Amino acid sequence: MECYGARVPAAERTRVQSLTTTEGAVLALLATEGERSGYDLAKLVERAIGHVWSPARSGLYATLPRLAKSGLVESRAIVQSAKPDKQVYKISTAGREALAAWIEGVEPGARDTFFLKLFVGKLTTPDVLLEHVEQFLDDTEARLAVLREI
């Protein structure tokens, strides 16, 4: 029987103040690609997000249960006859909200997350993407000024 895990009550949910880059990437993949297992996500990283950012495979697998415990994803077991059961995950409403807040957060000097957020830009508005690009330009100009001084 396939059944998603019980929803975590809001009072028991660990509030995620800010997502790590791995958490943001995993939530973005689940938001764009739909329900997936950890193995499926690792393969998607290789074919998609991996061009701009790639987590350690162990970090990816460790992130999924943590996101489930925080209520940002829901998981369910799929019974397989010839193989061990597998867990699949899908983004929850709380996960979509956390992802939106993470994508909208413009971070000075955050080169790696800039490219990742740009890569998953269809999950936000053009105005948010422009804010990221403007911050990246400011950061690049500041870095260039330092290099010119050197």
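Arg36 stands opposite Tyr89 in β3. Strands here are DSSP runs of E with at least two residues, helices are runs of H or I with at least four, and both are numbered from the N terminus. The model is predicted, so to speak of local features pLDDT of at least 70 is needed, side-chain atom pairs count only at pLDDT 80 or more, and totals for chains, interfaces and linings use all residues. Residues are numbered from 1 along each chain as its sequence is written, and side-chain values use heavy atoms, leaving out hydrogens and water.

β1 pairs with β3 (residues 86-91) in the antiparallel sense, over two bridges. Two strands count as paired if DSSP finds at least two bridges between them. Three strands form an open sheet in the order β1-β3-β2, with antiparallel pairing. β1 (36-37) and β2 (73-78) are the edge strands, each pairing on one side only.

The structure also holds one cavity of 30 Å³ or more. A cavity is a set of points, on a 1 Å grid over the protein atoms alone, where a 1.4 Å probe fits but cannot get out; lining residues have an atom within 4 Å of a point. The largest cavity has a volume of about 70 Å³. Volume is the space filled by probe spheres set on the points, which are joined across faces, edges and corners.

Val106, Glu107 and Ala110 are among the residues lining the largest cavity. α5 (111-119) and α6 (126-149) each supply at least two lining residues. α6 gives the most, with four.

Key. 1 Å grid on protein atoms, 1.4 Å probe; cavity = no way out; pocket = protein on both sides within 12 Å on 5 of 7 lines; lining within 4 Å.
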